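I opened this notebook to record, entry by entry, what I looked up in one structure. The entries go from the whole chain to single residues.

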Amino acid sequence: MVDNICAIATPYGTGAISIIRCSGPNSIELVNNIFKGKNLTKCKSHTIHYGHIVSNNKIIDEVLCNIFLAPNSFDGENTVEINCHGGVYVTNCVLQLLLRSGFRMAEKGEFSKRAFLNHKLDLTQAEAIMDIISSTNQLALESSTNSLRKKTTELISRFREDILDILAKIEVNIDYPEYDDAITITNEYLLPVIEKLINNMDKILFNSSISTIAIHGIKTAIVGKPNVGKSSLLNMLLDEDKAIVSSIAGTTRDLVEGTLNIKNITLHLIDTAGIRESDDTIEAIGITRSQKAIETADLVLLVLDSSKPLDDMDKELLKLTKNKKRIIIANKMDLSNKLDIEDVIYISAKNKEGLDALAEKIYEVTNLSDFDPKTTDYLNNARQISLMEKANNALKNAKNAIAFGVDVDLIEIDIKEAFDALGEITGEAYPDELITALFTKFCLGK
């Protein structure tokens, strides 16, 4: 039997209102036992009622209770949302009373998990809820909202329907070869159908590499020699003195991080230690971390000193980052320019000049100028992308098998693998233990 759960759904701390969400088959009756006001068990769904939470005839708090009757609630079960005053103490008093009255504390993500199990949400919609909560820019919000409205679900369903049609025709050929109306499934028939699916998946995977930047931000490493102005650039972008700025080379010994929204892109900035040969043990550790930051970064901002010609270390950094998505920034444009290099953004971090040009370049190199969440087909996160890659690879294996003249009934195995991998994206073919692991990443009360 499904038990009754409760949790605080609003952020912990002092505020005007706290909301405690209660859900389960007996949730309305259990809340009604500690509610003084209208009989909640006789109330219609989607109504709100004034009253008091009481314990031993003692008023705990003045509240409003929202009633949602199954199946027309967020998680498909009877639900009461208690709106109490937002103090930490009073909220905990109400919560403790609920726990003594027959509820248990909800686990992380348990309300959303129940919504999934009751077919109120699929996995892509559940993930979209968390993406909406964590959105840091307009593109992220639009992308997540589209997924919540089943755009991702519909996309995956179209692929699965096409693959299911192939599987059904193969099965008819194998089990009922005498059936006159069945299309004879040959490798010649399968090849163009599978190639079309692969090409469409390739396009979506490319779009998804851009959408993940829009939704989750881009890990950006600021690199360069010591004393070229990396920390000054970080401070200019963040508009605060987050990093220590000094004319002494090697001042930055560790990674300094910050987050910035610029032209609807969230940049997760990392100011690295200046890269050079060093006998200082601590500085050497910082330089090693900087090199690792370059390897893992999605975007590299390579800072050069425009007042000096390129030296061997500058050239080494240009070589080191040439295969990365990067922007070359020439700092100290307020001084005489001695650089002889193309495709450079000139700035003066000291005088806070050149930020608009840098913003335009960031927008350009991340390809977001071509990304429209309303008209583009894409996936929202690494889990979804990896599963589509798995499906795509399975179809490519089927294509290769066709080239070698493998029998259709063996090729069907790869096609079925692609079908199942796509089903994992929406949760239609997902192991129970992975479902549990996924929802534990959600916040308490969601």
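What follows are my entries on this predicted model, beginning with the overall picture.

**Entry 1: the whole protein.** I began with the secondary structure, which comes to 14 helices and 13 strands. Of the 446 residues, 49% count as buried, and the accessible surface amounts to about 22,100 Å², with 51% of that area belonging to carbon and sulfur atoms.

**Entry 2: helix H2.** I picked H2, residues 88-100, to look at one helix in detail; its 13 residues reach 18 Å from the first C-alpha to the last, close to the 18 Å expected at 1.5 Å a residue. Which residues of H2 are buried? I noted Val90, Thr91, Val94, Leu95, Leu97 and Leu98. Viewed down the axis of H2, these buried residues fall within an arc of 160°, so they line one face of the helix. I kept the general rule beside this note: an α-helix has 3.6 residues a turn, so residues three or four places apart point the same way. On the other side of H2, I found Tyr89 and Arg100 exposed. Just after the helix, Gly102 takes a positive phi of about 125°.

**Entry 3: backbone exceptions.** Asn56, in the loop between strand E4 (47-55) and E5, has a positive phi of about 55° although it is not a glycine. I also checked the cover of Asn56, which counts as exposed because its relative accessibility is 77%, over the 50% cut-off. Lys352, in the loop between strand E13 (344-346) and H11, is another non-glycine residue with a positive phi, here near 60°. For the peptide bonds, I recorded that the one from Ala70 to Pro71 is cis, with omega near 5°; Pro71 itself sits in the loop between strand E5 (58-68) and strand E6 (79-85).

**Entry 4: salt bridges around Glu110.** I turned next to charged pairs, of which the structure holds 18 that count as salt bridges. Which residues are linked with Glu110 in a network of salt bridges? I listed Asp3, Glu77, Arg104 and Arg114 together with Glu110. The side chains of Arg104 and Glu110 meet at 2.5 Å, N to O, while Arg114 and Glu110 have their closest N and O atoms 3.4 Å apart. Arg114 and Glu110 are four residues apart in helix H3 (residues 110-117), and therefore separated by about one helical turn. As for cover, Glu110 is buried, with a relative accessible area of 9%, and Arg114 is buried as well, whereas Arg104 counts as partly exposed at 28% relative accessibility.

**Entry 5: a pair between two helices.** I then followed the salt bridge between Asp202 and Lys396, whose side chains meet at 3.9 Å, N to O. Asp202 lies in helix H7 (residues 187-216) and Lys396 in helix H12, so the pair ties together parts that are 194 residues apart in sequence. I noted that Asp202 counts as partly exposed at 32% relative accessibility, and that Lys396 likewise counts as partly exposed at 33%.

Entry 6: Leaving out residues up to four places away in sequence, Asp131 touches Ser144, Ile215, His216 and Asn380.

Entry 7: I recorded Thr376 as buried because its relative accessibility is 12%, under the 20% cut-off. With residues up to four places away in sequence not counted, Thr376 touches Lys151, Asn207 and Phe371.

Methods: Residues numbered from 1 in each chain as written. Predicted model: local features only at pLDDT ≥ 70, side-chain atom pairs only at ≥ 80, totals over all residues. Heavy atoms only, no water. Expected span 1.5 Å × (residues − 1). Buried < 20%, exposed > 50% of the residue type's maximum accessible area, 1.4 Å probe, protein only. Arc of directions from axis to C-beta. Contact = heavy atoms within 4.5 Å. Areas by Shrake-Rupley, 256 points an atom, 1.4 Å probe, with all protein chains shown as cover. Salt bridge = Lys/Arg side-chain N within 4 Å of Asp/Glu carboxyl O.
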